[in-house]
Amino acid sequence: MNAGVASGDLRAQVVLRRGGFTLDVDVHAPAGRTTALLGPNGAGKSTLLAVLAGLEPPDRGRVTLGGTVLDDTADGTHVPVEQRAAGVVFQDGLLFAHLDVRGNVAFGPRSRGASRRAARAEADRWLERLDLLELATRPAGALSGGQAQRVALARALATDPTLLLLDEPMSALDVSGRTQLRRLLADHLPAVAGPRLLVTHDPTEAFLLADLVHVLEDGRVSQSGTPDELRARPRSPWVADLVGTNLLQGSASDGVVAIDGHRLATAERPGDGPVLVTLHPRAVALHRSPPGGSPRNTWQTRVERVEPLGPRVRVQVGAPLPLTAEVTATSAERLGLAVGEQVWVAVKATELGVTGG
Amino acid sequence: MTTPRLPAPLAALGVLGGLLLLLPFVGLAVQVPLRELPALLSGEVALEALRLSLASSTLATLVSLLLGLPLAYLLARHDFPGRRLLRGVVLLPLVLPPVVGGAALLFALGRRGLVGAQLEAATGIVLPFSFAGVVLAVTFISMPFLVVTVEGALRGLDGRHEAAAATLGAGRWTVLWRVTLPLVRPSLVAGLALTWARAIGEFGATLTFAGSLAGRTRTLPLAIFVALEQDRDVAIALSLLMVVLSLAVVVPLRDRWWGRAGSGP
């Protein structure tokens, strides 16, 4: 079905100039893995995705997928968009409003030569798999944002893509739509054999869905690694600020969140069930002796790692709840923080961000 | 929310404007010889003219679709030298007196015209004063309606849905057929209807280029013109027929196309 483009690891060395902006990256995305392109707005993430999809030819560079050369400016190779077999989910869905949901999902198989009947059957298989079958006859223009993005995902998957490109698929959705789509992605991405690329500016999305993260800042890759590596060793202020946030998975009941048996009091009262908790490292206070005052969450633990980052120091603490804390160099010195030392951790209930997991 | 009412003197002018447009049709309607109407409309003169008009305007609309749609696409989405000039030329038939259009066609495609002479020498085809000449003249005058309408709609597309279709494996033909055309369909339908309505009412260019030969090139408007001097009742009956045909096209369009103020090009 896929015009001869076999899957495999994606390798993209791309240089592209647009006005005063230059995208200059060399990224790798292994097959069978989800790779996030994470970065602030205007970093060039979506531009890179457009190059990979074949929508924008690079000024200079080489893009390969497994053994297939998709772009090579040295010898003028450029596989046209429609032959790339790249499934793309766009930020705003871009469903065809003149077709119903089934017609949208059948569009890919039909364009790739399947008969009308086979294409519709294939569409129904994907609609069923993604639990969208009841929307099959709905006009695409009559869907909510969340429904539209799920249909867009079904449409992309129905082409049996050798490369799946997700361009900020959740950014136009409300909180519940985001949670729903994120769960759907977590369930279905692993079934895609080729590389999956997720463009996002939201570190939570990247950490929950990606095996590997490339951080893009100002047209360049500023850091690459697993989510854990990025969290532990952020190499730029942007990464430290946004990526370095503690992200914990737990379950809520009665306004208390339990994470691996450790209980945290939260100010927000989420519904009972699985939740995600975010906590900025600067909101994790460290003390030498049991702290007084208002914090309801205090416990004693051990310092596992101490890492300076400019005028600040990032401190990794261990069981019962592994967290990253960020303190000024001065207070690190005053507290005498060193690996193996015992410290008290204090976290205010109001500093814990809680969303449905 | 209530919209403010127009001051009385201006409202009176507005009513007067409406009357100006309405009055001629009232004048026509009261003259209609109701009892003889069926006989007049089924007479040979009327049927022949009606047949020629329907055939020429429908053919002209099809030719406009075949040539005008690709032209609209080129003008909207391709950059080529002379595009601005061509855009202007497309508008010419809309503003020129049709008799000038007919004369220009004669100079180009008449028996001694620029192309017409060679055409006759090579193929024996003579366009002036033939039915094909009627279709040509009518197409020349009415095709710009299709081109302008569809070009505007195509220029309003940002191309992203078409890009999405390409990522799904659709080649150029498929994208055009299954995405681009459906996206501009409302404008295409409106353009076709306008083209047909203009075609069926065409007079000046047809008369100049194809003459007024009964049964060959004498369409409804020409037949009315001739009948005005010979048989007023036939002229009135045919005029009524034209009014009904035109209304049938324009009234449904009024809401679907012009009704959406501000959304057009």
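Two strands are said to pair if DSSP finds at least two bridges between them. In this predicted model, strand S18 (residues 312–317) of chain A meets that criterion with strand S19 (residues 323–328) of chain A, the two being joined in the antiparallel sense by six bridges. Within this pairing, Val313(A) has Val327(A), in S19(A), as its bridge partner. Five residues lie between S18(A) and S19(A), and the two strands form a hairpin.

The domain assignment of chain A places residues 10–243 in domain 1 and residues 246–356 in domain 2. Taken over C-alpha atoms, the centres of domain 1 of chain A and domain 2 of chain A are 34 Å apart.

Confidence in chain B can be considered next. The average pLDDT of chain B is 90, and 95% of the residues score at least 70. The highest confidence in chain B is found in helix H7 (residues 131–155), at a mean of 96, and the lowest in helix H13 (residues 232–258), at 83. Over residues 259–265 of chain B the pLDDT is below 50, and this stretch has six contacts in the model beyond near neighbours in sequence. Where pLDDT is low, predicted coordinates should not be read in detail. For the complex, the predictor gives an ipTM of 0.78 and a pTM of 0.77.

Conventions: Residues are numbered from 1 along each chain as its sequence is written. Chains are lettered from A and ligands numbered from 1 in the order in which they are written. This is a predicted model: local features need pLDDT of at least 70, side-chain atom pairs count only at pLDDT 80 or more; totals for chains, interfaces and linings use all residues. Domain bounds come from an automatic or database domain assignment. Helices (H or I, at least four residues) and strands (E, at least two) are DSSP runs, numbered from the N terminus. pLDDT is the predictor's confidence in each residue, from 0 to 100. Two residues are in contact if their C-beta atoms, placed from the backbone, lie within 7 Å.
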